[in-house]
Amino acid sequence: METLSPPIITSTVSIPCSNSSVLVRSHGLSSLILRKPRSPAANPSLISSRSSFTRASAVEHGKTSVSIDLSDPNWKRKYEREFEERFSIPHITDVFPDAEAIRSTFCLKMRSPTEDFVGGYPSDEEWHGYINNNDRVLLKVISYSSPTSAGAECIDSDCSWVEQWIHRAGPREKIYFRPEQVKAAIITCGGLCPGLNDVIRHIVITLEIYGVKNIVGIPFGYKGFSDKDLTEMPLSRKVVQNIHLSGGSLLGVSRGGPSVSEIVDSMEERGINMLFVLGGNGTHAGANAIHDECRKRKMKVAVVGVPKTIDNDILHMDKTFGFDTAVEEAQRAINSAYIEAHSAYHGIGIVKLMGRNSGFIAMQASLASGQVDICLIPEVPFNIHGPNGVLKHLKYLIETKGSAVICVAEGAGQNLLEKTNAKDASGNTILGDFGVHIQQETKKYFKEVSMPVDVKYIDPTYMIRAVRANASDGILCTVLGQNAVHGAFAGYSGITVGIINTHYAYLPIPEVIAYPKSVDPNSRMWHRCLTSTGQPDFI
């Protein structure tokens, strides 16, 4: 479904001439560049949207560029106001200003729903379990004192502290949908990921606590909206009670699908007024397009996303569900590679893990295992051959240790492979298999230097993503599912829910799909990984 692939939000920021220098931290590079002010005659600097500086600058969903005049004594307050506007979340009342707000039917003081939903769940005393609409979560919690601090993200040369607040997730005291009038639908898109069933389960359970009785699952992602052979799956607590005990998705997954217009047409026909979308960047782009189309048609519909990417590459969030499980499962593959390598004469174990654009799984798995000698990720360039190449260091490891383990992310080293224009159904470029490539190059190199090696290659991708969620992800999925429902009933739409600085928050979808989150090579976590592996620069 090409129309639902994630847009690249290009946001250039004009920096007027001033006496202040402007710090730019380039996305994906370890270098820090301190840009000096130009002369008054020069044109303002234009900075790529992929820099941390630009992402911090106030841009209204990529539609307008905003000038930040650092010589203005009030620039910080202006920036904070612009940030607040960017991260404001759409609400039903934006389109329906007269929408009626009723007392919430979600109250844990009394768990048995009544037939009459107008009064909600009666309670003899006030319940203090609601979130105030003005509650906020701080997006950034580190105040950097210097642009040269590891992982520093600065707006000005003094690294001034700027507050960035986003909406806290949770149940509200007033809701904008009557449970008896709700038809809620759930879809899961993209590839499999540990925790999908956990999220489905708790969306259904929470909907039922609100009093919703009409809950359906749309089979096989967006495709289920158009394929006449695919019928809705009625969902209830009884149906989903034990689905979290197995991996995969009860509803099935697929990539691609019909156009946005066809999807919204189908929603109108089915009477769906709450849609919960579980997926990654492309799926969220689709959810946002559906939200926009529903607004355009003046439909009172809440569209809420739950970020699903095993790669952990969604912006702003601490982590996405399935990631912890993937790192834990990757330990088995790495340990197997280590045992194979350690037990062989001149053994080399190569493990390829997931990570199209981001090397979080490879980095964290390498750090956790303590058995990896070389970790290769997409964000850090490297050479295979040459005096500073991977193979030269591998030869050193064999000579000194007698064995070695290499962990590679699937998106690493793509510049070293033959380019392909092939795309999958989601519009993603089909990557070359770098794991196989480095396996072949390793065998070829050691044959040329007349050193016998025993190379074992392990690709556990499908084994990892098909398992059930571990305890950590199970908790994350539970809370994400609950908060997705709370957000929908509170009248929010075009939002996604995530964990940020250990707290759960709502964000507008455009802000999390601008581009994939990636490992910062100047971050402390990558430095920790390098300390653990002991690998040098391969350039």
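The axes of helix 10 (residues 390-400) and helix 11 (residues 434-448) come within 11 Å of each other, crossing at roughly 65 degrees. That crossing is right-handed. Keep in mind that you're looking at a predicted model. Below, we look at this helix pair, then the sheet, then the residues that UniProt flags.

**The helix pair**

- Two packed helices are described by the angle between their axes and the distance between the axes.
- On the helix 10 side, the contact is made by Val 390, Leu 391, Lys 392, Leu 394, Lys 395 and Ile 398.
- Helix 11 brings Ile 438, Glu 441, Thr 442, Tyr 445 and Phe 446 to the contact.
- Sort the residues of this contact by type and you get 7 nonpolar, 1 polar and 3 charged.

- Strand 6 runs antiparallel to strand 7 (residues 165-168), and 3 bridges join the two.

**Asp 311**

- An unreviewed UniProt entry lists Asp 311 under "active site".
- You'll find Asp 311 in the loop between strand 13 and helix 8 (323-343).
- Asp 311 has 9% relative accessibility, so it counts as buried, the cut-off being under 20%.
- Setting aside neighbours within four places in sequence, Asp 311 is in contact with Met 354, Gly 355, Arg 356, Ser 358, Phe 360 and Ile 361.

**The "binding site" residues**

- The unreviewed UniProt entry also has a "binding site" annotation, which includes Asp 311, Met 354, Gly 355, Arg 356, Met 463 and Arg 465.
- Met 463 sits in helix 12 (residues 461-465), and Arg 465 is found in helix 12 too.
- Met 463 is exposed, at 64% relative accessible area, whereas Arg 465 is partly exposed, at 21%.
- Leaving out neighbours within four places in sequence, Arg 465 is in contact with Gly 191, Leu 192, Cys 193, Pro 194, Ile 310 and Met 354.
- Met 354 turns up in the contacts of Asp 311 and in those of Arg 465.

Methods: Residues are numbered from 1 along each chain as its sequence is written. This is a predicted model: local features need pLDDT of at least 70, side-chain atom pairs count only at pLDDT 80 or more; totals for chains, interfaces and linings use all residues. Side-chain values use heavy atoms; hydrogens and water are left out. Two strands pair if DSSP finds at least two bridges between them. Helices (H or I, at least four residues) and strands (E, at least two) are DSSP runs, numbered from the N terminus. UniProt positions are given in the numbering used here, feature names are shortened, and annotations may be inferred rather than shown by experiment. Buried means under 20% relative accessible area, exposed over 50%, partly exposed in between (1.4 Å probe, protein chains only). Contact means heavy atoms within 4.5 Å. Axes are lines fitted to C-alpha atoms, for helices over the stretch in contact, and angles run from 0 to 180 degrees between N-to-C directions. A crossing is left-handed if the near helix is turned anticlockwise from the far one by less than a right angle, and right-handed if clockwise. Ala, Val, Leu, Ile, Met, Phe, Trp, Tyr, Cys and Pro count as nonpolar, Asp, Glu, Lys and Arg as charged, and the others, Gly among them, as polar.
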